[in-house]
Amino acid sequence: MDKVRFGIIGVGGMGRTHAQSLLSDIKGAELAAVCDISPERLDWAEQHLPDHVQRFLSPEELFKSGTIDAVMIATPHYDHPPLAIEALGYGLHVLIEKPAGVYTKAVQEMNDAAAKSDRVFGIMYNQRTNPLYQKLRDLIKSGELGEIRRTNWIITNWYRSQSYYDSGGWRATWGGEGGGVLLNQDPHQLDLWQWTTGMMPKRVRAFCHFGKYRNIEVEDDVTAYVEYENGATGLFITTTGEAPGTNRFEITGDNGKIVIEDGKLTFYRLRTPEPQFNAEYTGGFGTPECWKCEIPVEAGSGEQHKGILRNFTNAILHGEALLAPGEEGIHGLTLSNAMYLSAWTDNWVNLPIDSELFYEKLMEQVKNSTFRKAPVSSKTLDVTGTH
């Protein structure tokens with residue numbers, strides 16, 4: 001094989017962006033087909049994509065067509081696992097949009113199907129291409145920060161207006177989207193939180209506010225506290241209702257503190273590790289000498305979506321290691337599932353979570369929902385500049 005023939009399921013906002021990338025920007029990739037259950041979106045494809053790009057109204061028709069080697073799944077979240085499992089069954093390589101799904105029970109089934117296949121399985125965690133987070137991960141893995149004591153992430157700059165939520169009947173509903181800010185805006189941060197540190201919490205306590213700032217039934221404001229096996233603690237604070245927002249990721253270790261904010265990585269490095277200083281210092285009120293180091297990082301935010309598409313294509317053609325293996329999508333989803341479960345049960349949640357209990361509670365939200373959206377006409381938003 002010298003090129004990978006891609007099909008895209010879902011040609012709404014992100015699907016269209018990926019289609020344009022596959023047409024011209026990814027060496028070794030070819031956009032061969034698109035699929036959408038919306039005739040209007042297929043009309044868009046007919047008008048804006050080359051004639052050779054075939055169009056299908058159902059995933060099954062696409063899978064059986066023999067026109068593609070790999071599929072990009074850019075549908076609403078609930079559909080990711082079942083479509084991925086079906087595609088893998090047809091022998092296709094699979095790349096899914098984030099999040100991996102809505103609940104870990106389905107995502108684990110998807111991971112099991114991928115493990116039994118010999119196909120390449122990836123997830124669109126494009127923030128892993130950002131040099132800032134790659135450098136942070138490198139510093140932590142290499143031991144520069146020492147043992148981690150605290151992880152704090154305030155991510156409140158995902159501002160969304162009511163018109164955003166009104167742009168589609170599925171948005172911000174338990175039945176359609178399966179969650180709010182944790183599931184739609186934050187999957188990248190929840191992935192990076194554990195990917196860069198290499199740590200998953202052992203238990204979670206979270207407080208979710210549902211429809212606090214917008215007329216929606218899902219959460220738009222969350223504060224979560226976590227505890228790790230080594231005694232470290234962490235906070236994750238997020239909302240879509242504040243402006244101006246903050247994006248500050250701060251990790252403290254024995255050797256100091258690293259802060260990522262405003263596109264910069266700053267290492268407040270202790271000359272003497274804190275445990276050693278504490279053991280040796282006898283002066284009472286002293287503190288360890290600290291150097292503020294602006295760590296040089298490659299400019300820009302990396303290749304983002306195109307980088308993941310390129311890496312996935314190269315993995316199929318040349319065996320290149322995946323930057324974002326699909327199986328790792330379950331980690332960030334486990335964190336959001338744990339936060340919901342903690343809020344719904346008003347209690348601590350131990351990890352790994354009880355996936356059956358979470359699914360039961362989620363279905364209760366869907367079944368008992370009394371929220372009714374005003375009739376809206378589906379609107380494809382411009383996703384330029386989003387993640």
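Visitor: Which residues touch the most other members of the largest nonpolar core?
Guide: In this predicted model, they are Val34, Val71, Val94, Ile96, Trp193, Phe236 and Met339, in a core of 107 residues.

Visitor: And which element gives the largest share of this core?
Guide: That is helix H12, with eight residues.

Visitor: Why would such residues sit together?
Guide: In soluble globular proteins, nonpolar side chains tend to be buried together.

Visitor: What is methionine 339 in contact with, leaving aside its neighbours within four places in sequence?
Guide: Its contacts include Trp193 and Phe236, and also Leu182, Leu190, Val204 and Val222.

Visitor: Which strands does H12 lie across?
Guide: Helix H12, residues 329–345, lies across S8, S9, S10 and S15, and runs at about 70° to S8.

Visitor: Now the sheet, please. What is the order of its strands?
Guide: The open sheet has nine strands, in the order S14-S13-S12-S11-S7-S10-S9-S8-S15, and the pairing is mixed. Its edge strands are S14 and S15, each of which pairs on one side only.

Visitor: Does S7 pair with S10 in the parallel or the antiparallel sense?
Guide: S7 and S10 pair in the parallel sense over six bridges, whereas S7 and S11 are antiparallel over seven bridges.

Visitor: What stands opposite asparagine 152 in S10?
Guide: Leucine 235 does. In S11, the bridge partner of asparagine 152 is glutamate 250.

Visitor: And what stands opposite glutamate 250 in S12?
Guide: Valine 259 does; S11 and S12 pair in the antiparallel sense over six bridges.

Conventions
Residues are numbered from 1 along each chain as its sequence is written. This is a predicted model: local features need pLDDT of at least 70, side-chain atom pairs count only at pLDDT 80 or more; totals for chains, interfaces and linings use all residues. Side-chain values use heavy atoms; hydrogens and water are left out. Two strands pair if DSSP finds at least two bridges between them. Helices (H or I, at least four residues) and strands (E, at least two) are DSSP runs, numbered from the N terminus. Contact means heavy atoms within 4.5 Å. Axes are lines fitted to C-alpha atoms, for helices over the stretch in contact, and angles run from 0 to 180 degrees between N-to-C directions. A nonpolar core is a set of buried Ala, Val, Leu, Ile, Met, Phe, Trp, Tyr and Cys residues joined through side-chain atoms within 4.5 Å. Buried means under 20% relative accessible area, exposed over 50%, partly exposed in between (1.4 Å probe, protein chains only).
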